[in-house]
Structures are given as C-alpha cells and as structure tokens.
Amino acid sequence: MGARPYNTLLLVLSVLFLITLSNVVEGRYTNLPLKACKPRCTYRCSATSHKKPCMLYCQKCCATCRCVPPGVYGHKEICPCYNNWKTKEGRPKCP
C-alpha cells in the first residue's frame, strides 16, 4: 500500500521530464540567430551532390523561417515554415 503514492509521483515526474526534454530538443532547431544558419545549412547539405543550390535555398529558408531541421534529410516536421514553403510548382522549396 505504501508504494502506490511513490509510483504515482514517479510517473508524474517522468512525464514532466519528457515534456521538458521535448521542448529543449525542439528549441535547439527553432528561433535560430542568423549567424547559426550557415553552419546548420553546411551540415544539412553535406550529403548532397548539389551543394551550391542546397546551400542557397537552405540559407534562404533559414533566414525566413529561423529554423533548419536536424540531419541531412527529412525531419522537416520540426520546422513547419521550412516544411510548408513550396515552389510555384508545389514542390518543397527548402532542402
């Protein structure tokens, strides 16, 4: 009987920790200062063979959206502006 309040407290603290951790991780990629765009885009474009256009559009998107998704591909859901910006043809503008 004495362990039940302890288990509830542990569960509540775990949930709060996970919520805090998710906000910290998300905050690492959003609201970037402009000086952080180039290094983030350099990494983002490191795996492509089309580095110049990738860097051009990544930096343009970063300057507007203040966000670059993590990794070299995908994960755009972290940056909604970056994810939703499309070309006239409806293709993604941001790499």
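**Helices, core and loop residues of a predicted model**

Lys35 is exposed, with a relative accessible area of 73% (exposed means over 50% relative accessible area, buried under 20%, and partly exposed in between, with a 1.4 Å probe and protein chains only). The structure is a predicted model, in which local features need pLDDT of at least 70 and side-chain atom pairs count only at pLDDT 80 or more, while totals for chains, interfaces and linings use all residues. Residues are numbered from 1 along each chain as its sequence is written, and side-chain values use heavy atoms, with hydrogens and water left out.

The protein chain contains four helices and zero strands, where helices (H or I, at least four residues) and strands (E, at least two) are DSSP runs numbered from the N terminus. The order of elements from the N terminus is α-α-α-α. Of the 95 residues in the protein chain, 22% count as buried. Lys35 belongs to the loop between α1 (3-27) and α2. Although Lys35 and Ala63 are 28 residues apart in sequence, their C-alpha atoms are 9.4 Å apart in space.

The largest nonpolar core comprises 16 residues; such a core is a set of buried Ala, Val, Leu, Ile, Met, Phe, Trp, Tyr and Cys residues joined through side-chain atoms within 4.5 Å. The residues with the most contacts inside this core are Leu32, Cys41, Cys45, Cys58, Cys62, Val68 and Tyr82. At least two core residues come from each of α2 (37-44) and α3 (51-65). The largest contribution is that of α3, with six residues.

Helix α2 also contains Tyr43. Together with Val72 and Tyr73, Tyr43 forms a nonpolar patch on the surface, and the three have about 380 Å² of accessible area together. Patches are made of residues with over 30% relative accessible area and no salt bridge, with like charges joined within 9 Å and nonpolar side chains (Val, Leu, Ile, Met, Phe, Trp, Tyr) within 5 Å. Accessible areas come from the Shrake-Rupley method with a 1.4 Å probe, and for residues only the protein chains shown count as cover.

Arg44 is likewise placed in helix α2. Arg44 is buried but has no salt bridge (a side-chain nitrogen of Lys or Arg within 4 Å of a carboxyl oxygen of Asp or Glu). Its nearest side chain of opposite charge is that of Glu77, 8.3 Å away; Lys and Arg count as positive and Asp and Glu as negative, with His and the chain ends not counted. A polar atom of the Arg44 side chain lies 3.2 Å from the backbone oxygen of Pro70, and the Arg44 side chain also reaches the backbone oxygen of Gly71 at 3.2 Å.

The loop between α3 and α4 (80-84) holds Lys76. Lys76 is buried and lacks a salt bridge, the nearest side chain of opposite charge being Glu77 at 9.4 Å. A polar atom of the Lys76 side chain is 2.7 Å from the backbone oxygen of Cys94.

Phi of Arg66 is near 60 degrees, a positive value in a residue other than glycine. For His75, phi is near 60 degrees, again a positive value in a residue other than glycine. Arg66 is partly exposed, with a relative accessible area of 33%, and His75 is partly exposed, with a value of 42%.

How values were computed
A polar contact is a pair of N or O atoms within 3.5 Å; within protein, one must be able to donate a hydrogen and the other to accept it, and residues adjacent in sequence count only if both atoms are side-chain atoms.
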